[in-house]
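Me: I would like to learn how to read helix packing. Where do we start?

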Amino acid sequence: MDELLDLLIERFFPKGISAEKRSDIINFLLEKLYNDYNEYYMNRELVIKNRIDSLHIILPNARVREKYSQLIKIEDTDVCEYWIEGLEGTGLRAESEATLWAKNENTNATPEECNTTQPITANEENATPTSPNGVTMGHKDNGIVITGIPTVDGDYDVILKYKYQGWYEGCSVLERKFKITINPDPRSLWKDVPTDENIKFFKKDYVSEYVTVSENDKGPQKDIVAASKRGRSHAHEGKPRDDDFRLFHNDKNGWYVIAVADGAGSAKYSRKGSALACDTCIEYCKSALEAPAQLEDAIVALNNATEGHSNRNISTMLYEIIGGAAHKARRAILETAKANEDQLRDYSTTLLLTICKKFDFGWFVASFWVGDGAMCIYDKQRQYVKILGVPDGGEYAGQTRFLTMKEIFEPESLMSRLKYSIEEDFTALLLMTDGISDPFFETDANLNNVEKWNKLWSNIKSEVDLTDNNSESQYQLLKWLDFWSPGNHDDRTIIILY
């Protein structure tokens, strides 16, 4: 350096200058070089920063309790390394793209394919940073992934910091700020306002029941578990549960009677209509099946008949028993409406009703169906489903028919709603309101899709221990009714004979 300065002075300045003047010239040249150098780097930093600021990089919104993953990759030759700051307290972390890819179980997936937001499936602990100094670095060949499960909602400033080629200690660390919004878990936004017990026709917000059926001379029997819970939409506003159910098993002769009803959300006393429908049907069928010898003889004859043979006697008896129960239920609702000076439509409700019994040759199952929801015989081993009726759609989309409608009881309509069959055995007989069938099946056509039933059954079994004599299953089933399904927040009721 001294030699260079001497050459500059000899070339551009007079000979024989004083030592003091020489020192001033050297200081001037050094200061000039330093300022030019700083200006050069400041201009370079500005060019690099403007280029990085113009890159299309966004951080999609995250959601509390849902897994989040977003890749940030700076493929710029001037940027040598970069890292993320500002994630503290969010539940998110920055991790090397290569490290995260190596951890991914699906070795066929690319890092970009792993860059998705998925529902939480398990409790995950935040991984430790991948670099010794606690900061995960990225470079042009290896990006950074913001990942994790957010724990707190809010708006957060996230800072991308980076160094450029030729950077040395004392140079500026460049940065670009982002905003990431972590939305709250939708489930946390729902209120659970208890129903006012002083309202007309008060009903509990949730209820469950278990019926143990002991083995008899016909062999092992099936137990019944049921649960009903007010939907989130009702709970949020403190409105009562409109669904209802009733169970019965005759320990003397082995007949089961099961009823499920879904009161119309638009009818102000539908909660009472569903209760009346279930209560009346159970009581009527209980009485009708006290001495069932004639019906049972006809069932045995049907089993012994050739394939395709119909039994008019059974149809007539079922019309009297199940059809009679439905008639009686409508009459009870009509009388209650009159007594309270209400309209019949104020008590509108659907109805799913079944009676069944195990014989030496298998199970006899008969049913009656008005409205939506689902009623099905399901056998997992045989991959078999039998829908016990046809869901009712009204004249317009989203509409259904109700027990209170007069046309339901026209002879042809009533007979079309009566179904019966003999089944060798089955895994479960299920009855449910549309608060469950809608999220799991979506369309009426899907009710015949055995894969949909497999998924429902696996989902239930993951939380409910459906083993013999397990009365605790009613509480497990009640808890299961809290499953999350976006947009499906209606009352939920299900009965399982298994």
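Reply: With handedness: a crossing is left-handed if the near helix is turned anticlockwise from the far one by less than a right angle, and right-handed if clockwise. In this predicted model, local features need pLDDT of at least 70, side-chain atom pairs count only at pLDDT 80 or more, and totals for chains, interfaces and linings use all residues. Residues are numbered from 1 along each chain as its sequence is written, and side-chain values use heavy atoms, with hydrogens and water left out.

Me: Which handedness does the crossing of α10 and α11 have?

Reply: The crossing is right-handed. Helices here are DSSP runs (H or I, at least four residues), numbered from the N terminus.

Me: At what angle do α10 and α11 pack?

Reply: Two packed helices are described by the angle between their axes and the distance between the axes. Axes are lines fitted to C-alpha atoms, for helices over the stretch in contact, and angles run from 0 to 180 degrees between N-to-C directions. For α10 (residues 434–441) and α11 (residues 450–461) the angle is about 120 degrees, and the axes lie 10 Å apart. The two are therefore oblique to each other (under 35 degrees is roughly parallel, over 145 roughly antiparallel, 65 to 115 roughly perpendicular, the rest oblique).

Me: Which residues of α10 and α11 meet?

Reply: Contact means heavy atoms within 4.5 Å. Ile436, Phe440 and Phe441 of α10 meet Lys452, Trp453, Leu456 and Asn459 of α11.

Me: Where is the kink in α8 centred?

Reply: A bend at a residue is the angle between axes fitted to the seven residues ending there and the seven starting there. In α8 a kink of about 30 degrees is centred on Gly323. Glu341, which follows α8, has a positive phi, near 60 degrees.
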